[in-house]
Amino acid sequence: MSWVEINKQQLIKSLKKDLPDIDLINNLKGEHQLASSSMPHEVVSVNNQLYKIFTKLKKITLQPYYLGRAVGDTNDFKKHRLSLQFIEQFKDSLPSIVVNQKAEQLFLYSRNIWSDSIISVKGEVDSPCLTLVYNEQGDFLGAGFAMTDDLTGMGKREVIKNLVDIGKYLRVEREK
Amino acid sequence: MISLVDKYSGLIPQSCVKSCYSQPPATIRVNTLKISRDELINRLTNKGFKLVEHKAHPQAIKIIKQPFSIGATTEYLCGYYFVQDAASMIPVTELNPRPGDLVLDMCSAPGGKTTHLAELMNDKGVIIACDVDKQRLKAVKYSTQRMGFSNVVIYNINPAKLPGSLEFDKVLLDAPCSAEGTLYKNPKALEKANYKQLIIEQQRLIETAIKLLKKGGMLVYSTCTINPEENELIVQHAVNQGMKLLKLETSAGSPGLTKFKGKELKPELSLTRRFYQLTDETSGFFVARMIK
C-alpha cells in the first residue's frame, strides 16, 4: 500500500456535501491530506512534523501502513464516508441528539434510531443532514443522517439512518 | 522438559517464578486526554465493576469484579481506557515522552504502549510505530483512532530499515521474547520458544535502537520474560556499546540481577527492574532505562 498527497481544495469540496456549514478550510489548515492506494482509499490528515517524516521515508521507498488523523474513506474521491475521529470534532457545529439506553445499545450494533428513543435534539435539523448521536452521559456514539426534519414528532418511526458508530471498534477487533 | 522453577533455581526466588503461571488482576489505563480517572471509576462502578488502585503504576486501575467484559463497555469504545497489564505501563512512563518529541516504538503491536506514548505527548510530536506483523498492526491503527490520537505513523517494517538520520529523542524497545512472564496465557510457550533466535533478534534490535537514537536520547528496553539472557544480558550488551544505565523512577519491582551462571555482570545492572505477579501483581516483566 502506498500513500499520496491529495488536493486539499478538491477534498474540501467533496466533504462539503455532508458538512456544508463546517469551516473545513480552518479545520484542515496547516495539515497535509493523504490518500491510500487501497480500495476504498483511506483519507487522512497529518500535521507538518509527521508529513516531513512521511516524505523523508517515502524517498527511501518506505510507505506507512497508516498515519495521522482519519478523515474517512472513499472509492472515487467524490463522496466520502466520514470517520468517527473526523466527525467528532464538529460536536459544537452539527445538530445532535441524545438517545436512551436501549437505542444506544442498538445504535452500537449499526442499527438506526427511532423517534421514540430520542431524549433531546440540539441544533437545527435540515433533513437529510449529518446528525451526531450521544448517550445520556454525553458520550459520542457516532453519526447518522436525519431522514426527517421533525425527529421526535409524528409517532414511532425510524428517523436517523446509522452512518458510523463506535461499535465499529469492537467489530474490527472481533475480525482479528 | 525442565521446569521454569528448576531453570532459575538459586537465581530467582521460587515463589516469584511460580507466580508467572498465575494470571495477574485485569487492569486498565485511563486515557486522561478524554476523561478523568475519577469520572471513569465512577462510571464503571455504576455499571457494577469493582475497581481499586494498582500499586505497580499510578495510572493503572485494578479490576476486582467484572459483571461483563471490560472490553465491551461504551466507555471502552469511546476510547476512555485501554485494557493493559500494569507492568506494560511502566516502560512508557520511564521513557517520559514529551509533547514535540520524535519517538520510536520499535515493536508496537497491539498498540497499548503506542497509545500511552501518544497520551503522554498530548498528541503532539511524532511517534513512529513499527512492527513486522502486519495482521497485528490493525490493532495499533484502530486503538489509535479509538483513543483519538493523530501523531502516530505506523510502518510494517523491521525498524532496522529506518535511516540513522532520523535521530530519535526517545526509543521504546519492548522486544519480542520468550514470554516466560505470561505463562498463564500460554503454558506451552516455553516449548515453542527459540531462545537462541530470540536473543540474536534482541541484540540486533537493541543495536538498531542505539543507532537510531540521538546523542543524549533515551532508550527503554522491556520484555515480558524473566529470562536473564533476554534481559540483563541484552542490556549489558547495550552498556558495552556505550549506553549508560539510569535508575528507574518507579519504586515497584526488584533490582535486576548482577550475577548469572556463576559470572558477575556489570554492577549497574541492578538499576534495571524485575516485576512478578507475586510481588507486584503484574505479569513477569523487565524494564531498563538508558541514555546514549
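Contact, for this talk, means heavy atoms within 4.5 Å. With that in hand, hello everyone, and let me start with chain A: among its contacts with a separation of 6 or more, residues 24 or more positions apart account for 59%.

A quick word on the source. This is a predicted model, in which local features need pLDDT of at least 70 and side-chain atom pairs count only at pLDDT 80 or more, while totals for chains, interfaces and linings use all residues. Side-chain values use heavy atoms, with hydrogens and water left out, residues are numbered from 1 along each chain as its sequence is written, and chains are lettered from A and ligands numbered from 1 in the order in which they are written.

Chain A, then. The C-alpha trace spans about 60 × 35 × 30 Å along its principal axes. Chain A has six helices and twelve strands; helices (H or I, at least four residues) and strands (E, at least two) are DSSP runs, numbered from the N terminus. Of its 176 residues, 52% count as buried. Buried here is under 20% relative accessible area, exposed is over 50%, and partly exposed is in between, using a 1.4 Å probe and protein chains only.

Have a look at the sheet in chain A. Six strands make an open sheet in the order β8-β12-β11-β10-β7-β9, with mixed pairing. Two strands count as paired if DSSP finds at least two bridges between them. The edges are β8 (113-114) and β9 (118-122) of chain A, each pairing on one side only.

One loop residue in chain A is worth a stop. Asp92(A) lies between α4 (84-87) and β7 (96-99) of chain A. Is Asp92(A) buried or exposed? Asp92(A) counts as exposed, because its relative accessibility is 67%. From its C-alpha to that of Leu50(A), 42 residues apart along the chain, the separation is 27 Å.

Now, how do the chains meet? The size of an interface is often given as the accessible area lost when the parts come together. Between chain A and chain B the buried area is about 3,100 Å², with carbon and sulfur atoms giving 62% of it; buried area is the accessible area (1.4 Å probe) that two parts lose on being put together, summed over both. Which residues of chain A lose the most area to chain B? They are Tyr65(A), Tyr66(A) and Tyr169(A), together 22% of what that side buries.

In residues, the contact takes 37 from chain A and 39 from chain B. On the polar side, the rule finds twelve residue pairs in polar contact across the interface, both at pLDDT 80 or more. A polar contact is a pair of N or O atoms within 3.5 Å; within protein, one must be able to donate a hydrogen and the other to accept it, and residues adjacent in sequence count only if both atoms are side-chain atoms. There are also three salt bridges across the interface, a salt bridge being a side-chain nitrogen of Lys or Arg within 4 Å of a carboxyl oxygen of Asp or Glu. One salt bridge joins Glu88(A) and Lys34(B), whose closest N and O atoms are 3.9 Å apart.

Strands cross over too: β4(A) and β7(B), residues 152-155, run antiparallel and are joined by two bridges. There, Leu67(A) has Val153(B) as its bridge partner.

Ser178(B) is in the loop between β8 (168-174) and α8 (189-192) of chain B, and counts as buried because its relative accessibility is 2%. Its side chain makes a polar contact of 2.9 Å with that of Thr225(B).

Helix α10(B), residues 232-240, has seven of its nine residues buried, so it is largely enclosed by the rest of the structure. The cover over those buried residues includes α9 (195-212), β9 (213-223) and β15 (285-291) of chain B. Just after α10(B), Gly242(B) takes a positive phi of about 105°.

Last stop: Val17(B), in helix α2 (residues 14-18) of chain B. Val17(B) is buried, with a relative accessible area of 1%. Leaving out residues up to four places away in sequence, Val17(B) touches Leu4(B), Val5(B), Tyr8(B), Ile12(B) and Ile226(B).
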